Amino acid sequence: MAITLATLADAITRANASMSSLTDVLNAADAKLGDGDTGTMLARLIGTFAAVDVKDAENLGAGFMALAKAGAASTGSSLGTLIVTAMMTAGKANVGKTELAWFELSGLLAAIRDAAMARGKAELGAKTIIDGLDALAASVEGKTDAASTAAAAERAMEAVLAEFRNRPSAMGRARMFAEKSVGLDDPGMLALAEIVRRLAKSPQHDGASVA
Amino acid sequence: MKKLINDPANYVDEMLDGLCLAHPGLVRVGDDRRAIARSTKIRQGKVGVVSGGGSGHLPLFTGYVGKGLLDACAIGNVFEGPTINSCQDAIATANGGAGVLCLFGNYGGDKMNFEMAGEFAAMEGVETRTVLGTDDIASAKPEESQKRRGVAGLIFAYKAAGALAEQGASLDQVAAIAQKAVDRTRTIGVALSSCQIPGAAGPNFTIADDEIEFGMGIHGEPGIWRHKIRPADELVDEIISLILAEKPEGASRVAVLVNSLGSTPFEELFILYRRAAQQLGTAGLTIVNPLIGPYVTSMEMGGASISLCFLDDEIETLLAAPAECPFWKVG
(Lines give C-alpha, C1' and ligand atoms only; values in the text may rest on other atoms or scores of the structure.)
Protein backbone atom coordinates (compact mmCIF):
# COMPACT_ATOMS: atom_id res chain seq x y z
CA MET A 1 0.00 0.00 0.00
CA ALA A 2 1.12 3.54 -0.69
CA ILE A 3 -0.12 7.10 -0.40
CA THR A 4 -2.37 7.93 -3.35
CA LEU A 5 -4.80 10.65 -4.33
CA ALA A 6 -7.48 8.64 -2.56
CA THR A 7 -5.43 8.61 0.63
CA LEU A 8 -4.92 12.36 0.34
CA ALA A 9 -8.62 13.02 -0.27
CA ASP A 10 -9.59 10.84 2.65
CA ALA A 11 -7.13 12.55 4.98
CA ILE A 12 -8.50 15.96 4.02
CA THR A 13 -12.08 14.84 4.54
CA ARG A 14 -11.26 13.53 7.99
CA ALA A 15 -9.17 16.56 8.93
CA ASN A 16 -12.06 18.76 7.87
CA ALA A 17 -14.48 16.76 9.98
CA SER A 18 -12.15 17.00 12.97
CA MET A 19 -12.24 20.81 12.86
CA SER A 20 -15.73 20.87 14.34
CA SER A 21 -14.21 19.83 17.67
CA LEU A 22 -10.78 21.39 17.14
CA THR A 23 -11.70 24.95 16.19
CA ASP A 24 -12.53 26.15 19.69
CA VAL A 25 -9.58 24.28 21.19
CA LEU A 26 -7.15 25.99 18.83
CA ASN A 27 -8.81 29.39 19.16
CA ALA A 28 -8.49 29.10 22.93
CA ALA A 29 -4.82 28.14 22.68
CA ASP A 30 -4.13 31.08 20.38
CA ALA A 31 -6.11 33.53 22.51
CA LYS A 32 -3.68 33.09 25.38
CA LEU A 33 -1.03 35.16 23.61
CA GLY A 34 -2.43 35.94 20.18
CA ASP A 35 -5.63 37.10 18.58
CA GLY A 36 -7.47 33.81 19.08
CA ASP A 37 -8.25 32.98 15.50
CA THR A 38 -6.02 29.98 14.72
CA GLY A 39 -8.88 27.48 14.87
CA THR A 40 -11.21 29.62 12.80
CA MET A 41 -8.52 30.25 10.18
CA LEU A 42 -7.58 26.58 10.02
CA ALA A 43 -11.19 25.49 9.75
CA ARG A 44 -11.65 27.87 6.83
CA LEU A 45 -8.43 26.68 5.16
CA ILE A 46 -9.12 22.97 5.55
CA GLY A 47 -12.71 23.56 4.47
CA THR A 48 -11.30 25.12 1.32
CA PHE A 49 -9.08 22.07 0.80
CA ALA A 50 -12.08 19.79 1.28
CA ALA A 51 -13.91 21.59 -1.49
CA VAL A 52 -11.13 20.74 -3.97
CA ASP A 53 -11.79 17.64 -6.05
CA VAL A 54 -8.41 16.10 -5.26
CA LYS A 55 -9.34 12.57 -6.30
CA ASP A 56 -9.77 13.66 -9.90
CA ALA A 57 -6.39 15.39 -10.16
CA GLU A 58 -4.03 14.08 -12.84
CA ASN A 59 -1.54 12.84 -10.30
CA LEU A 60 -0.39 13.30 -6.72
CA GLY A 61 1.68 16.37 -7.54
CA ALA A 62 -1.22 18.03 -9.32
CA GLY A 63 -3.46 17.22 -6.39
CA PHE A 64 -1.15 18.92 -3.90
CA MET A 65 -0.76 21.91 -6.24
CA ALA A 66 -4.54 22.24 -6.53
CA LEU A 67 -4.68 22.39 -2.74
CA ALA A 68 -1.90 25.00 -2.67
CA LYS A 69 -3.74 27.14 -5.19
CA ALA A 70 -7.00 26.94 -3.28
CA GLY A 71 -5.24 27.67 0.00
CA ALA A 72 -3.47 30.71 -1.44
CA ALA A 73 -6.86 32.27 -2.03
CA SER A 74 -8.18 31.38 1.39
CA THR A 75 -5.81 32.75 4.01
CA GLY A 76 -3.20 35.38 4.59
CA SER A 77 -2.15 34.27 8.05
CA SER A 78 1.41 33.14 8.73
CA LEU A 79 0.35 29.63 9.66
CA GLY A 80 -1.95 29.39 6.66
CA THR A 81 0.81 30.49 4.31
CA LEU A 82 3.17 27.90 5.79
CA ILE A 83 0.53 25.25 5.09
CA VAL A 84 0.19 26.52 1.52
CA THR A 85 3.99 26.35 1.27
CA ALA A 86 3.79 22.74 2.45
CA MET A 87 1.28 21.89 -0.27
CA MET A 88 3.41 23.58 -2.93
CA THR A 89 6.47 21.68 -1.75
CA ALA A 90 4.59 18.38 -1.84
CA GLY A 91 3.22 19.27 -5.25
CA LYS A 92 6.66 19.96 -6.70
CA ALA A 93 8.08 16.79 -5.12
CA ASN A 94 5.38 14.59 -6.58
CA VAL A 95 5.03 15.90 -10.12
CA GLY A 96 3.75 13.08 -12.32
CA LYS A 97 3.67 10.54 -9.48
CA THR A 98 0.54 8.54 -8.83
CA GLU A 99 1.67 7.24 -5.48
CA LEU A 100 4.17 7.84 -2.70
CA ALA A 101 5.53 4.91 -0.75
CA TRP A 102 5.18 5.18 3.02
CA PHE A 103 8.95 5.01 3.43
CA GLU A 104 9.21 8.17 1.28
CA LEU A 105 6.98 10.18 3.61
CA SER A 106 9.77 11.09 6.01
CA GLY A 107 11.80 12.68 3.22
CA LEU A 108 8.79 14.63 1.99
CA LEU A 109 8.05 15.91 5.50
CA ALA A 110 11.68 16.95 5.89
CA ALA A 111 11.48 18.86 2.60
CA ILE A 112 8.30 20.55 3.81
CA ARG A 113 10.03 21.45 7.08
CA ASP A 114 12.93 23.00 5.18
CA ALA A 115 10.62 24.93 2.85
CA ALA A 116 8.65 26.26 5.81
CA MET A 117 11.86 27.34 7.51
CA ALA A 118 12.97 29.18 4.39
CA ARG A 119 9.58 30.82 3.84
CA GLY A 120 9.06 31.81 7.46
CA LYS A 121 12.72 32.76 8.09
CA ALA A 122 12.47 30.47 11.10
CA GLU A 123 14.87 28.17 12.85
CA LEU A 124 14.40 24.90 14.62
CA GLY A 125 13.90 25.22 18.35
CA ALA A 126 11.85 28.40 18.16
CA LYS A 127 8.73 26.55 19.34
CA THR A 128 6.68 26.66 16.16
CA ILE A 129 4.90 24.24 13.85
CA ILE A 130 8.31 23.71 12.24
CA ASP A 131 9.53 21.85 15.33
CA GLY A 132 6.41 19.71 15.04
CA LEU A 133 7.20 18.96 11.40
CA ASP A 134 10.76 18.10 12.31
CA ALA A 135 9.61 15.64 14.96
CA LEU A 136 7.06 14.18 12.57
CA ALA A 137 9.61 13.67 9.81
CA ALA A 138 12.02 11.97 12.19
CA SER A 139 9.35 9.74 13.70
CA VAL A 140 8.20 8.17 10.45
CA GLU A 141 11.64 7.55 9.04
CA GLY A 142 12.01 3.93 8.01
CA LYS A 143 8.31 3.16 8.39
CA THR A 144 6.99 1.16 5.50
CA ASP A 145 3.29 0.88 6.20
CA ALA A 146 0.41 3.04 7.33
CA ALA A 147 -0.11 1.47 10.74
CA SER A 148 3.46 1.84 11.95
CA THR A 149 3.63 5.35 10.47
CA ALA A 150 0.47 6.38 12.29
CA ALA A 151 1.60 4.96 15.61
CA ALA A 152 5.01 6.62 15.41
CA ALA A 153 3.51 9.94 14.34
CA GLU A 154 1.02 9.95 17.20
CA ARG A 155 3.76 9.28 19.74
CA ALA A 156 5.96 11.97 18.22
CA MET A 157 3.26 14.61 18.47
CA GLU A 158 2.72 13.86 22.13
CA ALA A 159 6.44 14.04 22.75
CA VAL A 160 7.14 17.23 20.85
CA LEU A 161 4.36 19.13 22.61
CA ALA A 162 5.73 17.99 25.95
CA GLU A 163 9.29 18.85 24.94
CA PHE A 164 8.48 22.43 23.94
CA ARG A 165 5.64 23.30 26.33
CA ASN A 166 7.93 24.71 28.99
CA ARG A 167 10.19 26.56 26.61
CA PRO A 168 9.78 30.22 25.61
CA SER A 169 8.58 31.07 22.11
CA ALA A 170 11.17 32.68 19.87
CA MET A 171 9.12 33.44 16.75
CA GLY A 172 6.14 35.51 15.71
CA ARG A 173 3.92 37.48 18.03
CA ALA A 174 4.43 34.95 20.83
CA ARG A 175 8.15 35.81 20.97
CA MET A 176 7.12 39.18 22.36
CA PHE A 177 5.54 37.34 25.29
CA ALA A 178 8.44 34.90 25.64
CA GLU A 179 8.15 34.46 29.41
CA LYS A 180 4.38 34.14 29.30
CA SER A 181 4.67 31.50 26.58
CA VAL A 182 6.41 29.11 28.98
CA GLY A 183 3.92 26.41 29.94
CA LEU A 184 1.76 26.98 26.87
CA ASP A 185 1.56 24.97 23.65
CA ASP A 186 2.37 26.84 20.45
CA PRO A 187 -0.96 27.05 18.57
CA GLY A 188 0.57 26.01 15.25
CA MET A 189 2.39 23.04 16.73
CA LEU A 190 -0.75 22.10 18.63
CA ALA A 191 -2.82 22.27 15.44
CA LEU A 192 -0.41 19.93 13.65
CA ALA A 193 -0.34 17.55 16.61
CA GLU A 194 -4.10 17.41 17.03
CA ILE A 195 -4.76 16.80 13.35
CA VAL A 196 -2.05 14.13 13.15
CA ARG A 197 -3.50 12.45 16.24
CA ARG A 198 -6.96 12.35 14.72
CA LEU A 199 -5.71 11.04 11.39
CA ALA A 200 -3.57 8.44 13.13
CA LYS A 201 -6.51 7.15 15.12
CA SER A 202 -8.66 6.64 12.05
CA PRO A 203 -9.30 3.06 10.98
CA GLN A 204 -8.77 4.16 7.37
CA HIS A 205 -5.20 5.36 7.76
CA ASP A 206 -3.87 2.73 5.41
CA GLY A 207 -5.89 4.20 2.57
CA ALA A 208 -6.94 0.75 1.46
CA SER A 209 -10.62 1.24 2.07
CA VAL A 210 -10.82 4.42 0.03
CA ALA A 211 -8.63 3.43 -2.89
CA MET B 1 -17.70 45.45 22.98
CA LYS B 2 -20.50 46.85 20.85
CA LYS B 3 -20.03 47.36 17.11
CA LEU B 4 -22.15 48.68 14.26
CA ILE B 5 -21.81 45.60 12.07
CA ASN B 6 -23.83 42.85 10.45
CA ASP B 7 -22.43 39.31 10.22
CA PRO B 8 -18.78 39.52 11.44
CA ALA B 9 -17.83 37.25 8.54
CA ASN B 10 -18.84 40.03 6.15
CA TYR B 11 -17.07 42.82 8.03
CA VAL B 12 -14.22 43.34 5.58
CA ASP B 13 -16.17 42.93 2.37
CA GLU B 14 -18.99 45.22 3.47
CA MET B 15 -16.43 47.80 4.59
CA LEU B 16 -14.66 47.64 1.22
CA ASP B 17 -17.98 47.96 -0.62
CA GLY B 18 -18.80 51.09 1.35
CA LEU B 19 -15.34 52.56 0.88
CA CYS B 20 -15.53 52.18 -2.90
CA LEU B 21 -19.10 53.50 -3.07
CA ALA B 22 -18.08 56.58 -1.12
CA HIS B 23 -14.90 57.06 -3.15
CA PRO B 24 -15.49 56.17 -6.81
CA GLY B 25 -11.79 56.67 -7.48
CA LEU B 26 -11.26 53.27 -5.85
CA VAL B 27 -12.31 49.87 -7.18
CA ARG B 28 -12.15 46.33 -5.86
CA VAL B 29 -10.12 44.00 -8.09
CA GLY B 30 -9.17 40.32 -8.22
CA ASP B 31 -11.14 37.09 -8.11
CA ASP B 32 -12.03 37.56 -4.46
CA ARG B 33 -12.04 41.38 -4.83
CA ARG B 34 -9.61 41.69 -1.93
CA ALA B 35 -7.37 44.20 -3.61
CA ILE B 36 -8.16 47.88 -4.00
CA ALA B 37 -6.89 49.86 -6.97
CA ARG B 38 -7.34 53.25 -8.53
CA SER B 39 -10.30 53.30 -10.89
CA THR B 40 -8.04 54.65 -13.66
CA LYS B 41 -5.52 52.26 -15.18
CA ILE B 42 -1.88 52.74 -14.29
CA ARG B 43 0.11 54.85 -16.73
CA GLN B 44 2.33 52.66 -18.91
CA GLY B 45 5.96 53.09 -17.97
CA LYS B 46 5.16 54.23 -14.44
CA VAL B 47 6.49 52.21 -11.50
CA GLY B 48 3.62 50.74 -9.50
CA VAL B 49 3.54 51.20 -5.74
CA VAL B 50 1.51 48.66 -3.79
CA SER B 51 0.96 47.89 -0.15
CA GLY B 52 -1.08 45.46 1.85
CA GLY B 53 -1.98 44.26 5.28
CA GLY B 54 -4.78 43.23 7.52
CA SER B 55 -8.03 45.11 7.85
CA GLY B 56 -8.84 47.08 10.96
CA HIS B 57 -6.36 49.92 10.47
CA LEU B 58 -8.15 52.37 8.19
CA PRO B 59 -7.03 54.69 6.72
CA LEU B 60 -4.06 52.27 6.53
CA PHE B 61 -3.60 50.44 4.21
CA THR B 62 -6.39 50.59 1.66
CA GLY B 63 -7.20 54.22 2.26
CA TYR B 64 -3.92 55.43 0.82
CA VAL B 65 -4.64 54.27 -2.72
CA GLY B 66 -4.71 57.37 -4.85
CA LYS B 67 -2.73 59.70 -7.07
CA GLY B 68 0.77 60.32 -5.76
CA LEU B 69 0.47 57.51 -3.22
CA LEU B 70 -0.40 53.83 -3.75
CA ASP B 71 -1.57 52.31 -7.00
CA ALA B 72 -3.10 49.25 -5.38
CA CYS B 73 -3.39 47.52 -2.04
CA ALA B 74 -4.00 43.92 -0.97
CA ILE B 75 -6.29 43.63 2.02
CA GLY B 76 -6.67 40.77 4.45
CA ASN B 77 -9.14 39.90 7.16
CA VAL B 78 -8.93 41.87 10.38
CA PHE B 79 -5.35 41.80 11.69
CA GLU B 80 -4.53 38.98 9.22
CA GLY B 81 -2.22 39.40 6.26
CA PRO B 82 -3.65 39.56 2.75
CA THR B 83 -3.78 36.30 0.85
CA ILE B 84 -1.10 35.45 -1.69
CA ASN B 85 -3.75 35.85 -4.38
CA SER B 86 -4.67 39.32 -3.16
CA CYS B 87 -1.01 40.32 -3.22
CA GLN B 88 -0.74 38.95 -6.76
CA ASP B 89 -3.85 40.89 -7.78
CA ALA B 90 -2.45 44.12 -6.33
CA ILE B 91 0.89 43.63 -8.09
CA ALA B 92 -0.74 42.74 -11.41
CA THR B 93 -3.05 45.76 -11.26
CA ALA B 94 -0.18 48.13 -10.46
CA ASN B 95 2.07 46.80 -13.20
CA GLY B 96 2.62 49.43 -15.83
CA GLY B 97 5.60 47.66 -17.31
CA ALA B 98 8.24 49.41 -15.21
CA GLY B 99 8.11 47.16 -12.16
CA VAL B 100 6.26 47.27 -8.88
CA LEU B 101 7.40 48.34 -5.42
CA CYS B 102 5.83 46.33 -2.59
CA LEU B 103 5.89 48.61 0.45
CA PHE B 104 4.31 47.24 3.60
CA GLY B 105 4.80 46.74 7.33
CA ASN B 106 7.29 44.29 8.79
CA TYR B 107 4.91 41.47 9.76
CA GLY B 108 5.44 37.75 9.19
CA GLY B 109 2.33 36.85 7.19
CA ASP B 110 2.52 39.94 5.00
CA LYS B 111 6.17 39.25 4.21
CA MET B 112 5.60 35.62 3.29
CA ASN B 113 2.60 36.37 1.12
CA PHE B 114 4.17 39.26 -0.78
CA GLU B 115 7.32 37.17 -1.20
CA MET B 116 5.34 34.33 -2.77
CA ALA B 117 3.31 36.77 -4.87
CA GLY B 118 6.57 38.35 -6.04
CA GLU B 119 7.84 34.93 -7.12
CA PHE B 120 4.66 34.36 -9.12
CA ALA B 121 5.00 37.85 -10.63
CA ALA B 122 8.61 37.15 -11.62
CA MET B 123 7.44 34.04 -13.49
CA GLU B 124 5.19 36.36 -15.49
CA GLY B 125 8.01 38.80 -16.18
CA VAL B 126 7.00 41.45 -13.64
CA GLU B 127 9.89 42.85 -11.64
CA THR B 128 9.23 43.68 -7.99
CA ARG B 129 11.14 45.20 -5.08
CA THR B 130 10.23 45.04 -1.43
CA VAL B 131 10.67 47.70 1.24
CA LEU B 132 9.41 47.06 4.77
CA GLY B 133 8.09 49.65 7.17
CA THR B 134 10.09 49.36 10.43
CA ASP B 135 9.39 52.64 12.22
CA ASP B 136 8.15 51.35 15.61
CA ILE B 137 11.24 51.94 17.72
CA ALA B 138 9.59 50.41 20.80
CA SER B 139 9.54 46.99 19.14
CA ALA B 140 13.29 46.34 18.94
CA LYS B 141 16.58 47.96 19.84
CA PRO B 142 18.48 50.12 17.33
CA GLU B 143 20.99 47.33 16.66
CA GLU B 144 18.07 45.12 15.60
CA SER B 145 16.16 47.80 13.72
CA GLN B 146 15.39 45.34 10.91
CA LYS B 147 13.14 43.49 13.38
CA ARG B 148 11.02 46.53 14.15
CA ARG B 149 7.34 46.58 13.25
CA GLY B 150 5.85 48.97 10.76
CA VAL B 151 3.26 51.35 12.17
CA ALA B 152 1.99 54.87 11.45
CA GLY B 153 5.22 56.21 10.01
CA LEU B 154 4.74 54.00 6.97
CA ILE B 155 2.61 56.71 5.39
CA PHE B 156 5.67 58.94 4.92
CA ALA B 157 7.24 56.18 2.82
CA TYR B 158 3.99 55.84 0.85
CA LYS B 159 4.05 59.55 0.14
CA ALA B 160 7.69 59.77 -0.88
CA ALA B 161 7.61 56.64 -3.06
CA GLY B 162 4.25 57.53 -4.62
CA ALA B 163 5.42 61.03 -5.51
CA LEU B 164 8.67 59.83 -7.09
CA ALA B 165 6.86 57.12 -9.05
CA GLU B 166 4.47 59.76 -10.41
CA GLN B 167 7.51 61.70 -11.67
CA GLY B 168 8.58 58.71 -13.77
CA ALA B 169 11.49 57.46 -11.69
CA SER B 170 12.83 53.91 -12.08
CA LEU B 171 11.94 51.01 -9.82
CA ASP B 172 15.35 51.16 -8.16
CA GLN B 173 14.95 54.88 -7.49
CA VAL B 174 11.44 54.48 -6.09
CA ALA B 175 12.57 51.61 -3.85
CA ALA B 176 15.55 53.66 -2.69
CA ILE B 177 13.46 56.66 -1.68
CA ALA B 178 10.98 54.41 0.12
CA GLN B 179 13.84 52.82 2.06
CA LYS B 180 15.30 56.23 2.87
CA ALA B 181 11.95 57.45 4.18
CA VAL B 182 11.64 54.32 6.32
CA ASP B 183 15.18 54.74 7.60
CA ARG B 184 14.50 58.33 8.65
CA THR B 185 11.13 57.73 10.35
CA ARG B 186 10.57 56.78 14.00
CA THR B 187 7.31 56.11 15.85
CA ILE B 188 6.18 55.30 19.37
CA GLY B 189 2.59 54.68 20.41
CA VAL B 190 0.74 54.55 23.71
CA ALA B 191 -2.40 52.49 24.32
CA LEU B 192 -5.21 53.30 26.74
CA SER B 193 -7.86 50.75 25.82
CA SER B 194 -8.27 47.70 23.62
CA CYS B 195 -10.07 46.90 20.41
CA GLN B 196 -11.92 43.72 19.55
CA ILE B 197 -11.83 41.69 16.36
CA PRO B 198 -15.38 41.36 15.00
CA GLY B 199 -16.76 38.02 16.07
CA ALA B 200 -14.09 37.45 18.73
CA ALA B 201 -15.22 36.51 22.21
CA GLY B 202 -13.32 39.30 23.94
CA PRO B 203 -11.04 42.29 23.52
CA ASN B 204 -7.66 41.90 21.85
CA PHE B 205 -5.91 42.66 25.13
CA THR B 206 -6.87 43.91 28.56
CA ILE B 207 -5.68 47.02 30.33
CA ALA B 208 -7.05 48.58 33.49
CA ASP B 209 -9.03 51.81 33.24
CA ASP B 210 -6.30 53.74 35.04
CA GLU B 211 -3.36 52.23 33.15
CA ILE B 212 -1.44 53.12 30.00
CA GLU B 213 0.94 50.96 27.99
CA PHE B 214 3.88 52.79 26.46
CA GLY B 215 5.15 51.44 23.16
CA MET B 216 2.32 49.02 22.46
CA GLY B 217 1.93 47.86 18.86
CA ILE B 218 -1.13 48.32 16.69
CA HIS B 219 -2.35 44.76 17.31
CA GLY B 220 -1.79 44.94 21.06
CA GLU B 221 1.81 43.74 20.96
CA PRO B 222 3.48 44.50 24.30
CA GLY B 223 5.30 47.76 24.74
CA ILE B 224 8.10 49.05 26.94
CA TRP B 225 6.19 49.64 30.17
CA ARG B 226 2.69 49.65 31.65
CA HIS B 227 1.90 51.94 34.58
CA LYS B 228 -0.79 54.21 35.95
CA ILE B 229 -1.76 56.88 33.45
CA ARG B 230 0.46 59.96 33.46
CA PRO B 231 -0.04 63.54 32.25
CA ALA B 232 0.14 63.98 28.48
CA ASP B 233 3.18 66.23 28.67
CA GLU B 234 5.18 63.58 30.53
CA LEU B 235 4.28 60.97 27.93
CA VAL B 236 5.17 63.23 25.03
CA ASP B 237 8.48 64.14 26.66
CA GLU B 238 9.40 60.45 26.94
CA ILE B 239 8.32 59.72 23.37
CA ILE B 240 10.21 62.66 21.90
CA SER B 241 13.26 61.92 23.99
CA LEU B 242 13.43 58.31 22.79
CA ILE B 243 12.88 59.28 19.16
CA LEU B 244 15.45 62.08 19.24
CA ALA B 245 17.98 59.63 20.68
CA GLU B 246 17.88 58.06 17.22
CA LYS B 247 17.92 61.30 15.22
CA PRO B 248 19.92 60.95 12.00
CA GLU B 249 23.07 63.04 11.83
CA GLY B 250 22.47 66.56 10.54
CA ALA B 251 18.68 66.44 10.47
CA SER B 252 17.14 69.83 11.24
CA ARG B 253 13.64 69.59 9.79
CA VAL B 254 10.94 67.05 10.65
CA ALA B 255 7.53 66.00 9.44
CA VAL B 256 5.35 65.15 12.46
CA LEU B 257 2.39 62.81 12.65
CA VAL B 258 0.30 62.72 15.83
CA ASN B 259 -2.00 59.81 15.16
CA SER B 260 -5.11 58.52 16.87
CA LEU B 261 -5.23 54.75 17.26
CA GLY B 262 -9.00 54.91 16.85
CA SER B 263 -11.04 56.34 19.68
CA THR B 264 -8.75 59.06 20.97
CA PRO B 265 -10.25 62.42 19.95
CA PHE B 266 -8.67 65.32 18.10
CA GLU B 267 -8.71 67.38 21.29
CA GLU B 268 -6.25 65.02 22.98
CA LEU B 269 -4.15 64.76 19.83
CA PHE B 270 -3.73 68.53 19.77
CA ILE B 271 -2.72 68.48 23.45
CA LEU B 272 -0.05 65.95 22.51
CA TYR B 273 1.03 67.97 19.47
CA ARG B 274 1.31 71.17 21.51
CA ARG B 275 3.91 69.57 23.76
CA ALA B 276 5.67 67.78 20.91
CA ALA B 277 6.06 71.07 19.03
CA GLN B 278 7.52 72.71 22.14
CA GLN B 279 10.01 69.92 22.64
CA LEU B 280 11.05 69.74 19.00
CA GLY B 281 11.53 73.51 18.98
CA THR B 282 13.71 73.26 22.05
CA ALA B 283 15.76 70.60 20.27
CA GLY B 284 16.31 73.01 17.38
CA LEU B 285 14.12 71.16 14.89
CA THR B 286 11.79 72.87 12.45
CA ILE B 287 8.40 71.21 11.95
CA VAL B 288 7.08 70.91 8.41
CA ASN B 289 3.40 70.31 7.63
CA PRO B 290 2.25 68.50 10.79
CA LEU B 291 -0.39 65.79 10.40
CA ILE B 292 -2.84 65.41 13.28
CA GLY B 293 -5.66 62.86 13.21
CA PRO B 294 -6.54 59.20 12.65
CA TYR B 295 -4.12 58.09 9.94
CA VAL B 296 -3.39 54.54 11.16
CA THR B 297 -5.86 53.01 13.59
CA SER B 298 -6.72 49.75 15.30
CA MET B 299 -10.49 50.04 15.09
CA GLU B 300 -11.70 51.38 18.44
CA MET B 301 -8.38 51.16 20.29
CA GLY B 302 -7.72 54.11 22.56
CA GLY B 303 -4.36 55.78 22.38
CA ALA B 304 -2.06 57.65 20.06
CA SER B 305 1.28 57.53 18.38
CA ILE B 306 3.81 60.15 17.44
CA SER B 307 5.94 59.72 14.32
CA LEU B 308 8.80 61.89 13.20
CA CYS B 309 10.18 61.73 9.68
CA PHE B 310 13.57 63.41 9.67
CA LEU B 311 13.66 65.26 6.39
CA ASP B 312 16.30 65.91 3.81
CA ASP B 313 15.68 68.08 0.76
CA GLU B 314 14.61 65.15 -1.41
CA ILE B 315 12.09 63.70 1.04
CA GLU B 316 10.72 67.14 1.95
CA THR B 317 10.10 67.94 -1.71
CA LEU B 318 8.36 64.61 -2.29
CA LEU B 319 6.18 64.98 0.81
CA ALA B 320 5.03 68.34 -0.53
CA ALA B 321 4.20 67.00 -4.02
CA PRO B 322 0.51 66.82 -4.99
CA ALA B 323 -1.32 63.70 -3.84
CA GLU B 324 -4.90 62.72 -3.23
CA CYS B 325 -6.54 59.71 -1.64
CA PRO B 326 -9.72 59.40 0.43
CA PHE B 327 -7.96 60.33 3.67
CA TRP B 328 -5.05 62.60 2.69
CA LYS B 329 -4.77 65.43 0.21
CA VAL B 330 -1.63 67.42 -0.50
CA GLY B 331 -1.52 70.40 -2.86
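A residue counts as buried if 20 or more other C-beta atoms lie within 10 Å of its own, as exposed if 12 or fewer do, and as partly exposed in between, with C-beta atoms placed from the backbone. This is a predicted model, in which local features need pLDDT of at least 70, side-chain atom pairs count only at pLDDT 80 or more, and totals for chains, interfaces and linings use all residues. Residues are numbered from 1 along each chain as its sequence is written, and chains are lettered from A, with ligands numbered from 1, in the order in which they are written.

**A buried strand in chain B**

Strands (E, at least two residues) and helices (H or I, at least four) are DSSP runs, numbered from the N terminus. Strand β12 of chain B covers residues 302-310. Nine of its nine residues are buried, so β12(B) is largely enclosed by the rest of the structure. Gly302(B), Ala304(B), Ile306(B), Leu308(B) and Phe310(B) point one way from β12(B). Gly303(B), Ser305(B), Ser307(B) and Cys309(B) point the other way. In a regular strand the side chains alternate between the two faces of the sheet.

Two strands pair if DSSP finds at least two bridges between them. β12(B) is joined to β7(B) (residues 185-193) by eight bridges, and to β10(B) (residues 253-260) by seven. The run is antiparallel with β7(B) and antiparallel with β10(B). Ser193(B) stands opposite Gly302(B). Val258(B) stands opposite Ile306(B).

**The six-stranded sheet of chain B**

Chain B also holds an open sheet of six strands with mixed pairing. The order is β1-β2-β4-β3-β5-β6. β1(B) (26-29) and β6(B) (128-133) are the edge strands, each pairing on one side only. Neighbouring strands are turned by 25 degrees against each other on average, direction ignored. Angles run from 0 to 180 degrees between N-to-C directions, and axes are lines fitted to C-alpha atoms, for helices over the stretch in contact.

Within this chain, β3(B) (residues 48-55) and β5(B) (residues 100-105) run parallel and share three bridges. Val50(B) stands opposite Cys102(B) in β5(B).

Two helices lie across strands of chain B. Helix α3(B) (residues 108-123) lies across β3, β5 and β6, at about 170 degrees to β5(B). Helix α4(B) (residues 154-166) lies across β3, β5 and β6, also at about 170 degrees to β5(B). Contact here means that the C-beta atoms of two residues, placed from the backbone, lie within 7 Å.

Helix α5(B) (residues 171-183) has 13 residues. The span from its first C-alpha to its last is 18 Å, close to the 18 Å expected at 1.5 Å a residue. The expected span is 1.5 Å times one less than the number of residues. The buried residues of α5(B) are Val174(B), Ala175(B), Ile177(B), Ala178(B), Gln179(B), Ala181(B) and Val182(B). An α-helix has 3.6 residues a turn, so residues three or four places apart point the same way.

**Backbone exceptions in chain B**

Most residues other than glycine have a negative phi, and most peptide bonds are trans. The table lists exceptions.

| Site | Feature | Value |
|---|---|---|
| Leu58(B) to Pro59(B) | cis peptide bond | omega near 10 degrees |
| Leu60(B) to Phe61(B) | cis peptide bond | omega near -5 degrees |
| Arg33(B) | positive phi | phi near 55 degrees |
| Phe79(B) | positive phi | phi near 60 degrees |

Pro59(B) sits in the loop between β3 and β4 (72-78). Phe61(B) lies in the loop between β3 and β4 as well. Arg33(B) is in the loop between β1 and β2 (35-38). Arg33(B) counts as partly exposed because it has 16 C-beta neighbours inside 10 Å. Phe79(B) is in the loop between β4 and α2 (84-93). With 25 C-beta neighbours inside 10 Å, Phe79(B) counts as buried.

Two packed helices are described by the angle between their axes and the distance between the axes. Helices α6(A) (residues 129-139) and α7(A) (residues 146-165) pack at about 145 degrees, with axes 9 Å apart. The contact involves Ala135(A) and Leu136(A), among others, in α6(A), and residues including Ala156(A) and Val160(A) in α7(A). By class, the contact has nine nonpolar, two polar and two charged residues. Ala, Val, Leu, Ile, Met, Phe, Trp, Tyr, Cys and Pro count as nonpolar, Asp, Glu, Lys and Arg as charged, and the others, Gly among them, as polar.

Between the chains, 18 residues of chain A are in contact with 21 residues of chain B. On the chain A side, α4(A) (78-93) and α5(A) (105-120) each supply at least two residues. The largest share, three residues, comes from α4(A). That side has five nonpolar, nine polar and four charged residues.
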